[in-house]
Amino acid sequence: MSIKQDLGDLLNDIATYLELKGENPFKIRAYQNASRTLSLLEGDIKEMVLSGELKKQKGIGEAIFETIHEFVATEKSTLLGELKNSTPPGLLEMLNVPGLGPKKIKTIYEKLGISTLGELEYACHENRLLSLDGFGPKSQDNILKGIEQLKKGKDYFHFDKALKEAENVLSHLKEKGLFKELEIAGSLRRKKEVVKDIDIVGSSDAPVDAMIFFVHLSEVDRVIGHGETKSTVLLKSGIQVDLRIVESGEFPFAFQHFTGSKEHNTVLRGIAKDLGFKLNEYGLFKGDHRVSCKSEKEIFGHLGFDYIPPELREDRGEFEAAKNKKLPRLIDSGDIKGIFHVHTTYSDGKNSLNEMIQEAKRLGYQYVGISDHSQSAFYAHGLKETQIKEQHDEIDKLQKKNPEIKIFKGIEADILEDGALDYPEEILASFDFVIGSIHSRFKMNEEEMTRRLLHAMENPYLTILGHLTGRLLLSRPPYAFNLDAILEGARKHHIIIELNANPHRFDIDWRDCKKLKEKGLQVSINPDAHAVDNIKFTEYGVGIARKGWLTAREVFNTLPVQEMEKALKAKKSSDLRS
């Protein structure tokens, strides 16, 4: 690249950063004009800079010249460095979204505190951009589409996105009738929170035809590899899919092999070897003889284990438990009796109170807990005290019309910087339950954040601690806090920990669920639903709970409605306050 191009990029980058920071438009335009001036110059630009001749050009003022001269002399720019250091790097990434210019990004950052592409995507799903001037439903949808385009080719994908693509491919493959058995395997089957690719395993009497059909699916963007037993394609969505085809008798072994994590499979093969077997994706062999196994259960049985559910195959204690018949009976979707953490159009939901209730009823839930945002969440149209009364009155009317489902009155109250909840106690007392969540000041240090959370849990009206770590998968890391201290605080104050089932959160992390079990705590698997189709997130949350070794006993919302009513009343009573 030429020095002219380098300098042009430097000046344009400075202009962009200045615009993101809301600097004087004339100053911004000066750097843009200087870049254009440079692009039109002929001759040795470097010599013109070093000799000072460049200062004679129109539009090259003293400050801009000094910036250019420093870069030519040192290949560095103090000004650009300072601008980069004072600007969240995610703002620049947002510029790649079609239709998002610096001015709009500045508004999003200043009004909503959004500083990464992932936070922007999440905010769009929660309709938060609609509160800003110049943003409507159409522009919000266009931003989401633009983000989807940018995400293509990224290393990892959210669980729900990958699952949707996998199920779509599986459905098309089954239509042709070329497969005897066909299943999703890999990290998707293990319910990992994010996945790198999709693994599908099948058996077929016509593998050549089956593979040809697979690589020519309309969803395929590019064929990476094509063979009789394995083919790899890249979907138009950017996700890679590996299809492996084996003989029917080999299917249970392939299904087992391509489901387990690398660590799990390594241990299992070692155990098989110690017992005089050889285990791989083609079979369990004793010498040259393949042991007949019609299912994964039989494979584990031959090696002396109870069947290990796919979610647990991570080499995190499953072998010892399966050997000693101590594997828990993991929770499943049928155990969930009702849901909490449901938003409506009263705050930032897409659907009305009645629509959310009807969907919960349609899905067979015994109860639904409505919990719109509290007043400090201005970006989400949080409820003022007058709106709380209005919503409660509407809930009372809907309850009379819908006796089949109990409607609990709740709120997602912001945990403020000092750990206080967003309303005074007399307002909090009007709710059946309160979810407390952090939505601001994520960069507090560990001691400050821990103190903030502990203080929140001292509030006698707090029922559930929402999305515990504040993380957004593939976007925002957890904030710093002492997990052990928080879990102990939850135990002391009888607080339920939320397992937020939104696939952008999956928070609490499944790896920490064993700590929660050890302290005798419960989770509430909450969809954090902002639209009727979000209620299905609950099922994703069940998968994460299973991965965390949780049983129905450790999940709060497995309680039947009458027991739940008693539990919520008890949590507000004085005998449980410490």
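Q: Is Arg 329 buried or exposed, and what is the cut-off?
A: Buried means under 20% relative accessible area, exposed over 50%, and partly exposed in between, using a 1.4 Å probe and protein chains only. Arg 329 counts as exposed, at 52% relative accessibility. Keep in mind that this is a predicted model, where local features need pLDDT of at least 70, side-chain atom pairs count only at pLDDT 80 or more, and totals for chains, interfaces and linings use all residues. Residues are numbered from 1 along each chain as its sequence is written, and side-chain values use heavy atoms, leaving out hydrogens and water.

Q: Which residue does Arg 329 meet in a salt bridge?
A: A salt bridge is a side-chain nitrogen of Lys or Arg within 4 Å of a carboxyl oxygen of Asp or Glu. Here Arg 329 pairs with Asp 332 at 3.3 Å, N to O. Asp 332 is partly exposed, at 34% relative accessibility.

Q: How many salt bridges does the structure hold?
A: There are 33. One of them joins Arg 546 to Glu 311, with the closest N and O atoms 2.8 Å apart. Glu 311 is buried, with a relative accessible area of 5%.

Q: Which residues are linked in a network of salt bridges?
A: Glu 193, Arg 471, Asp 509 and Arg 511 are. Within that group, Arg 511 and Asp 509 have their closest N and O atoms 2.9 Å apart. Asp 509 is buried at 12% relative accessibility, while Arg 511 is partly exposed at 34%.
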